[in-house]
Amino acid sequence: NHLKEIFKELNLEEVVGLKMKKEISQQSKNTSERKLMETNYYFENENYFCEKLLIVDDVFTTGSSLRGTINVMKKHCLKIKAIILAKTWQ
């Protein structure tokens, strides 16, 4: 996994536990349908807490994955930032 290698190289802790309620492929969805994906996430560890969290998104298409992740993690972290490695063109 390329993101694991990036975290390893930067000596950053990888937070594991963000899951999808239902595995849904975004490829077959249009923009409106992809935006509904924001509510499809949950975090396994309800007791997890951190001061700072960096979310790494490898490909940004509609932003629904990123928004969904932020919505879930904001109750676990004081400060959240995101970095996006690539953006698709629509």
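Predicted model: local features only at pLDDT ≥ 70, side-chain atom pairs only at ≥ 80, totals over all residues.
Residues are numbered from 1 along each chain as its sequence is written, and side-chain values use heavy atoms, without hydrogens and water. Local features need pLDDT of at least 70 and side-chain atom pairs count only at pLDDT 80 or more, while totals for chains, interfaces and linings use all residues.

The protein has three helices and four strands, taken as DSSP runs numbered from the N terminus (helices H or I, at least four residues; strands E, at least two). Along the sequence these elements follow the pattern α-β-α-β-β-α-β. Of the contacts (heavy atoms within 4.5 Å) with a separation of 6 or more, 72% are between residues 24 or more positions apart.

Of the 90 residues, 29% are buried; buried means under 20% relative accessible area, exposed over 50%, and partly exposed in between (1.4 Å probe, protein chains only). The largest nonpolar core consists of eleven residues: Tyr41, Phe43, Tyr48, Cys50, Leu53, Ile55, Phe60, Leu66, Val72, Met73 and Cys77. Two or more residues of this core come from each of β2 (41-43), β3 (50-57) and α3 (64-73). Such a core is a set of buried Ala, Val, Leu, Ile, Met, Phe, Trp, Tyr and Cys residues joined through side-chain atoms within 4.5 Å. Beyond its neighbours within four places in sequence, cysteine 50 contacts His76, Cys77 and Leu78. Serine 64, in helix α3, is buried because its relative accessible area is 1%.

The protein exposes about 6700 Å², of which carbon and sulfur atoms supply 51%; accessible areas come from the Shrake-Rupley method with a 1.4 Å probe, and for residues only the protein chains shown count as cover. Leucine 10, in the loop between α1 (2-9) and β1 (18-20), counts as exposed at 55% relative accessibility.

Two salt bridges are present, each defined by a side-chain nitrogen of Lys or Arg within 4 Å of a carboxyl oxygen of Asp or Glu. In one of them, the side chains of lysine 4 and glutamate 14 meet at 3.3 Å, N to O. Lysine 4 lies in helix α1 and glutamate 14 in the loop between α1 and β1, so the pair ties together parts ten residues apart in sequence. Lysine 75 forms a salt bridge with glutamate 46, with the closest N and O atoms 3.6 Å apart. This pair links distant parts of the chain, 29 residues apart: lysine 75 is in the loop between α3 and β4 (77-84), and glutamate 46 in the loop between β2 and β3.
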